[in-house]
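Open the model in your viewer and keep the sequence panel beside it. The tour starts at one residue, widens to its surroundings, and ends with the whole chain.

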Amino acid sequence: MTTPLFSIVIPTYNSEAVIGRAIDSVLTQTFTSFEILIVDGVSSDNTLDIVRKYQDTRLRVICEKDKGVYDAMNKGLAKATGEWLYFLGSDDYLWDNEVLAKIQELLQKHDVDFIYGNVFSPDYGENYDGEFDTMKLLKQNICHQAIFCKRSVFDKVGVFNIDYTAHADYDFSLKCFFNKSIRKMYVPLKIAYFAPGGVSIKMRNDLFKQNINKIIVRYGWRDLPESVLKRYYKSKGLYLIDLIKRKLSLPPPQGKVY
């Protein structure tokens, strides 16, 4: 069997009302070198019955209990065989049947590791949200339904941190943008419909949000301007100590939340 270019990972749990639309949006793509991995957390509704009605060898099912959506995404990543990874929510769908073809054409022309576009979102608007840099990313996240990542990116920055129940994708984006070896590219394409009320919207008080200052300091302390970096310290003394460490090229801080 030929190795697919894209692995499309779709976590599911009791998704009977929406999973068909998500799968159809992938199976109708004009570019066909892909696999779909349905990672189901042991649904109690008809999700798996719906999925198993699809007679397509490119679709595989993993069904086992998980520790949340990011754990499911990691399970899909571990089983995926494609060179490029894409994560689609079960209530989301690819915007049109040319999305994979357009991305594949761009990948032929550009040597990149991380390529992203826009999504349509009832929560965020028509085209969320254009090109990002590290400064913009400090304020808001890229929707992960807008991102295609080369497998090697996960070798560099690791998988999704399942300690963050709601914002592990934000943590992942920060690590990617602060890693200069990861070649990133924005394209003004609408990639997907992003359904309202996602996990990161519903759960605003998870561990990631509680530790956001520490996370930004850890990932960005070598590259952020001093005037920006100091905003993420509650203690001027700790900031000055770490500033000295930065000037001496010592390892980044790993300890307490600042």
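Helices and strands here are DSSP runs, a helix having at least four residues and a strand at least two, numbered from the N terminus. The model is a predicted one.

**Stop 1: threonine 30**

Select threonine 30. This residue sits in the loop that joins helix 1 (19-27) to strand 2 (34-40). Is threonine 30 buried, exposed or partly exposed? Buried means under 20% relative accessible area and exposed means over 50%. The relative accessibility of threonine 30 is 43%, so the residue counts as partly exposed.

Now show its neighbours. Leaving aside residues up to four places away in sequence, threonine 30 touches Asn97, Glu98 and Ala101. With glutamate 98 there is a polar contact between the two side chains, at 3.3 Å.

**Stop 2: helix 1**

**Stop 3**

Select the C-alpha atoms of threonine 30 and tyrosine 232 and draw a line between them. The line spans 46 Å, and the two residues are 202 residues apart along the chain.

**Stop 3: aspartate 171**

Go to helix 7 (residues 168-177), where aspartate 171 lies. Its relative accessible area is 1%, so aspartate 171 is buried, given that the limit is under 20%. Which residues does aspartate 171 touch, not counting residues up to four places away in sequence? They are Asn161, Tyr164, Phe208, Ile215 and Tyr219.

**Stop 4: the whole chain**

Zoom out and colour by secondary structure. The protein chain has 12 helices and nine strands. Its radius of gyration is 19 Å, close to the 18 Å that the globule rule gives for 258 residues, so the chain is as compact as a globular protein of that length. Along the principal axes, the C-alpha atoms fill a box of roughly 60 × 45 × 35 Å.

Switch to a surface view. The accessible surface is about 12300 Å², and carbon and sulfur atoms account for 51% of it. Of the 258 residues, 52% count as buried.

Finally, colour by charge. There are 35 positive and 31 negative side chains, and the centres of the two sets are 9 Å apart.

Definitions and conventions. Residues are numbered from 1 along each chain as its sequence is written. This is a predicted model: local features need pLDDT of at least 70, side-chain atom pairs count only at pLDDT 80 or more; totals for chains, interfaces and linings use all residues. Side-chain values use heavy atoms; hydrogens and water are left out. The radius of gyration is taken over C-alpha atoms; the globule rule is 2.2 Å times the number of residues to the power 0.38. Buried means under 20% relative accessible area, exposed over 50%, partly exposed in between (1.4 Å probe, protein chains only). Accessible areas come from the Shrake-Rupley method with a 1.4 Å probe; for residues, only the protein chains shown count as cover. Lys and Arg count as positive and Asp and Glu as negative; His and the chain ends are not counted. The place of a charge is taken as NZ of Lys, CZ of Arg, CG of Asp or CD of Glu. Contact means heavy atoms within 4.5 Å. A polar contact is a pair of N or O atoms within 3.5 Å; within protein, one must be able to donate a hydrogen and the other to accept it, and residues adjacent in sequence count only if both atoms are side-chain atoms.
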